[in-house]
Amino acid sequence: MIRFLVRNWHLKLGAAALATVLYTGLVFSGSFTTDTIAVPITTTGQPAGNWFLLNTTQLGSVELHYRVATDAAREITPDSFVASVDLSKYDLEQPGQPQSLRIDARSIIDGVTVLDQDRNEVTVALDQVTAKNIPVRLDRGEVPAGLEIDDPQLGVREVQARGPKSLLGQVDHALARVRIDPSGIDFDHPVDLLAVDVDGKPVESIDLNPATVTVKINVRTIETSKSVPIRGVLQGAPANGYALAGVRVEPAGVSLRGIPAALTGIVDVATAPINLENLNATQTFKVALVLPDGATLSAGEPTTASVTVTIAPATGTRTFALGVICRGAPAGSSCLPDVEQLAVTVSGPTTLLAGLDPAQITPVVDASGLGPGQHQLNPAVGGLAPGVQVVSIVPASVTVTISSPSTPAPTPTPAP
């Protein structure tokens, strides 16, 4: 019996082992799952003293490949793992130099095993923290046109800069930036300071003490002058039958002072309103000047102006259709124009034109000294009142036919 059991014992033992492995693989393949996750890299073992980790953002994360039981109760997150580098392994004899340190990654919950990771090392640099005093400089930008400033006053002229030695060596000064308001108000505010290099570029990871500086700047306007005309402001209408014939302002203009921005858009200075209501004669008014916003009168300039408004009778025109008369023909002869009426236009004061009687206006052609036949004559108008004058006569010339007593007179051409 014993001989039977030990016969081919090595084959029997191998078969048992193989069965065990196969069974175990079968069990585990159904009880676990695998996945990957990105875990942020942290640091441990900070060296004693003032040491600063440069470019901490470059630590980044490591991608872990892990296995977890399918019946795990907790959700797997990046907080389920720790990925860190031990800064105590950094060679402090070479400060500021990039060195590669091992990434230690592991799970911190039961049932989760880290199988592998996408990288095993990360490059870091440690630098010693030092401090130095640096000057404060001001960048005030462009001063707006029309303004000028006094020398700026700073609450402090020097501040302490503290940071990694390799970065601190790049720092040249602390910069305070201010901007002058175009309104011209004084500047008196605390301003944040920025550590910059000799070219004015910011240097990161530098602390300044104090971090702000009070800046005071007195701002003044620069005034200039500009000459502009005075414009009389009129309102209302003259009396019926009268019209405004002219305006004269004394003085004709004034000189203003103000900042360039205020004077640029000013084209004249107006007077206080002048009322022309029911005026029927020329009159002079003394009125105040109304200054535009932002402007003042230059020294010695008047604050009032004399405005003379000329009022004259209103003028117009009137047209009459009038018959033409031939005078001066030889005795016993007839003188017949070829048109029956002329269009006569006259101008003058509207009050006179309204009272004109057409019977008082007579177009006349003078045939004195002319013999029988046709003649081209220019009509003239008489009987006009003073102030009334002829503007036009249409037609401007008239054909007349003079006939002897024995010659029948032609029939006049009807007016068109």
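Strand β20 (residues 269-271) and strand β22 (residues 283-290) run antiparallel and are joined by 2 bridges, where strands (E, at least two residues) are DSSP runs numbered from the N terminus, and two strands pair if DSSP finds at least two bridges between them. Within this pairing, Ala 270 has Val 290 of β22 as its bridge partner. This is a predicted model, in which local features need pLDDT of at least 70 and side-chain atom pairs count only at pLDDT 80 or more, while totals for chains, interfaces and linings use all residues. Residues are numbered from 1 along each chain as its sequence is written, and side-chain values use heavy atoms, with hydrogens and water left out.

## The disulfide

The model has 1 disulfide, a term that stands for a pair of cysteine sulfur atoms within 2.5 Å. Cys 326 and Cys 335 are the two residues joined, with an S to S distance of 1.7 Å. The torsion about their S-S bond is about 75 degrees, so the disulfide is right-handed.

## Salt bridges across the chain

There are 7 salt bridges in the structure, each being a side-chain nitrogen of Lys or Arg within 4 Å of a carboxyl oxygen of Asp or Glu. One of them pairs Arg 177 with Asp 139, whose closest N and O atoms are 3.7 Å apart; this pair links distant parts of the chain, since Arg 177 lies in strand β11 (residues 173-177) and Asp 139 in strand β7 (residues 121-139), 38 residues apart. Arg 177 is partly exposed at a relative accessible area of 43%, a class that lies between buried (under 20%) and exposed (over 50%), with a 1.4 Å probe and protein chains only.

Asp 139 also forms a salt bridge with Arg 179, with closest N and O atoms 3.8 Å apart. Here Arg 179 is in the loop between β11 and β12 (187-196), and the two residues are 40 residues apart. Elsewhere, the side chains of Asp 150 and Arg 220 meet in a salt bridge at 2.3 Å, N to O, and this pair links positions 70 residues apart. Through shared partners, salt bridges join Asp 139, Arg 177 and Arg 179 into one network.

Notes:
Helices (H or I, at least four residues) and strands (E, at least two) are DSSP runs, numbered from the N terminus.
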